[in-house]
Amino acid sequence: MIIGYILLGFVVYFLYKFVVGFVLPIIRTASAMKRKVEEMKRPYQQNASSGRGQQEQVNSERASSEPADSGRSGFSRFRAGRPAGKSKTATGSDVRPAKADYIDFEEIK
């Protein structure tokens, strides 16, 4: 009978530690993140409710001021199948990395 109470005590203790140490912090963090996301969305929602025509005008201004390749990474300018250092620019001239970009190394024999 005493063993049953001791085991019940351990179960209650571990359940308490699990809820207080794991479940409650996750719930608090999730609610805090939800609040932060809503705070970040609020200005965009206000802009959207004030008028779409104004937003479209801003978007078109941004598109005209950004370079055409702005959405791509720096590596996308090198085309697949061409060796590094042999890619060509829009004008057709070869683009080679500067000599300072190379690291000197000793040849292993």
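This is a predicted model: local features need pLDDT of at least 70, side-chain atom pairs count only at pLDDT 80 or more; totals for chains, interfaces and linings use all residues.
Phe14 counts as exposed, at 53% relative accessibility; exposed means over 50% relative accessible area, buried under 20% and partly exposed in between, with a 1.4 Å probe and protein chains only. Next I looked up Tyr13, which is partly exposed with a relative accessible area of 44%.

How far apart are the ring centres of Tyr13 and Phe14? I noted 5.5 Å, with the planes at 65°, so this pair is edge-to-face. The rule I used pairs rings of Phe, Tyr and Trp (its six-membered ring) if their centres lie within 6.5 Å; planes under 30 degrees apart are stacked, over 60 edge-to-face and the rest tilted. The count by this rule is three aromatic pairs, and Phe10, Tyr13 and Phe14 make up one aromatic cluster.

**A nonpolar patch**

I then turned to Phe18, which lies in helix α1 and is partly exposed, its relative accessible area being 44%. Phe18 also belongs to a nonpolar surface patch of about 830 Å², together with Leu15, Tyr16, Val19, Val20, Phe22, Leu24, Ile26 and Ile27. For such a patch, I needed residues with over 30% relative accessible area and no salt bridge, with nonpolar side chains (Val, Leu, Ile, Met, Phe, Trp, Tyr) joined within 5 Å. A salt bridge here is a side-chain nitrogen of Lys or Arg within 4 Å of a carboxyl oxygen of Asp or Glu.

**Helix α1**

I found that α1 runs over residues 2-50, and its 49 residues reach 70 Å from first C-alpha to last, close to the 72 Å expected at 1.5 Å a residue. That expected span is 1.5 Å times one less than the number of residues. Where does α1 bend by about 35°? I placed the bend at Arg42, with Pro43 following within four residues; the angle is between axes fitted to the seven residues ending there and the seven starting there.

**Whole chain**

I counted two helices and zero strands, taken as DSSP runs (H or I, at least four residues; E, at least two) numbered from the N terminus. Of the 109 residues, 2% count as buried.

I number residues from 1 along each chain as its sequence is written, and side-chain values use heavy atoms, leaving out hydrogens and water. Local features need pLDDT of at least 70 and side-chain atom pairs count only at pLDDT 80 or more, while totals for chains, interfaces and linings use all residues.

Terms used:
Patches are made of residues with over 30% relative accessible area and no salt bridge: like charges are joined within 9 Å, nonpolar side chains (Val, Leu, Ile, Met, Phe, Trp, Tyr) within 5 Å. Accessible areas come from the Shrake-Rupley method with a 1.4 Å probe; for residues, only the protein chains shown count as cover.
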